[in-house]
Amino acid sequence: ISERITSQFHAQYNHSEQLNFDLKSSLNIANRLLYIHSDFNLPTTVLNGDQTTSFNEMTANINFKNSSLIVGANFLQDDFIKLDDGRANFNSLEENHQTIGLFSNYNWSLGKKLDLETGLRLDYNQNESNISADDGQLFILPRIAALIKYNDKWSSRIGGGMGYRPLTVFN
């Protein structure tokens, strides 16, 4: 069961055919009530809490004849507070996760049938809760992909890269 308030904002400024800017922002406020039932003889787990997440991103897109470059920065924040569920064994939990990122993507059109996409992200991620905290960590995340276009309706993308996922109560 979730009760949620969501907002989104997007603004774009086209300076010219070769250069445009984007600003995106979203804010989500949710109350989550999860009942996790087990197939074993274990008690049902209840998770009740308030979660606030936000995402903000600024990008510049530079178009060339057969390629484009996107550079940008973003900030993500996720706060979760576990609410008292009235059980005798209630354990409080408060989490805060923040990520500041810089990124660039370069896309080449290598003809009608093939595009090559490369990217690099630098993320600084910091996590803290009332039960643990870290000093923050820098992640360097390269990626590469090829888009093969068979015709106007069919294409395939093959690629790879590096990623990470902060440990939260939800994962």
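Which residues form one aromatic cluster? Phe-64, Tyr-106 and Trp-108 do so, in a predicted model in which local features need pLDDT of at least 70 and side-chain atom pairs count only at pLDDT 80 or more, whereas totals for chains, interfaces and linings use all residues. Residues are numbered from 1 along each chain as its sequence is written, and side-chain values use heavy atoms, with hydrogens and water left out.

The chain contains eight strands and zero helices, where helices (H or I, at least four residues) and strands (E, at least two) are DSSP runs numbered from the N terminus, and its order along the sequence is β-β-β-β-β-β-β-β. Along the principal axes, the C-alpha atoms fill a box of roughly 65 × 35 × 30 Å. Buried residues (under 20% relative accessible area, with exposed over 50% and partly exposed in between, for a 1.4 Å probe and protein chains only) account for 26% of the 171 residues. Of the contacts (heavy atoms within 4.5 Å) between residues at least 6 apart in sequence, 48% join residues at least 24 apart.

Aromatic pairs are defined for rings of Phe, Tyr and Trp (its six-membered ring) with centres within 6.5 Å, planes under 30 degrees apart counting as stacked, over 60 as edge-to-face and the rest as tilted. The structure holds four such pairs. One of them, between Phe-64 and Tyr-106, is tilted, with 6.5 Å centre to centre and 40° between the planes; this pair links the loop between β3 (45-63) and β4 (67-82), where Phe-64 lies, to strand β5, which holds Tyr-106, across 42 residues. Phe-64 is partly exposed because its relative accessibility is 45%, and Tyr-106 is likewise partly exposed, at 22%. The rings of Phe-139 and Tyr-164 are stacked, because their centres are 3.8 Å apart and their planes stand at 0°. Here Phe-139 in strand β7 is linked to Tyr-164 in the segment after β8 (155-161), 25 residues apart; Phe-139 is buried at 18%, while Tyr-164 is partly exposed at 26%.

Salt bridges, in which a side-chain nitrogen of Lys or Arg lies within 4 Å of a carboxyl oxygen of Asp or Glu, number four. In one of them, Asp-115 and Lys-149 have their closest N and O atoms 3.2 Å apart, and because Asp-115 lies in strand β6 and Lys-149 in strand β7, the pair ties together parts 34 residues apart in sequence. Glu-117 meets Arg-157 at 2.6 Å, N to O, which links strand β6 to strand β8 over 40 residues.

A nonpolar surface patch of about 640 Å² is made by Ile-100, Leu-102, Leu-120, Leu-122, Tyr-124, Leu-138 and Ile-140. Patches consist of residues with over 30% relative accessible area and no salt bridge, like charges being joined within 9 Å and nonpolar side chains (Val, Leu, Ile, Met, Phe, Trp, Tyr) within 5 Å. Strands β5 (94-109), β6 (114-129) and β7 (137-149) each supply at least two of the patch residues, and β6 gives the most, with three.

Notes
Accessible areas come from the Shrake-Rupley method with a 1.4 Å probe; for residues, only the protein chains shown count as cover.
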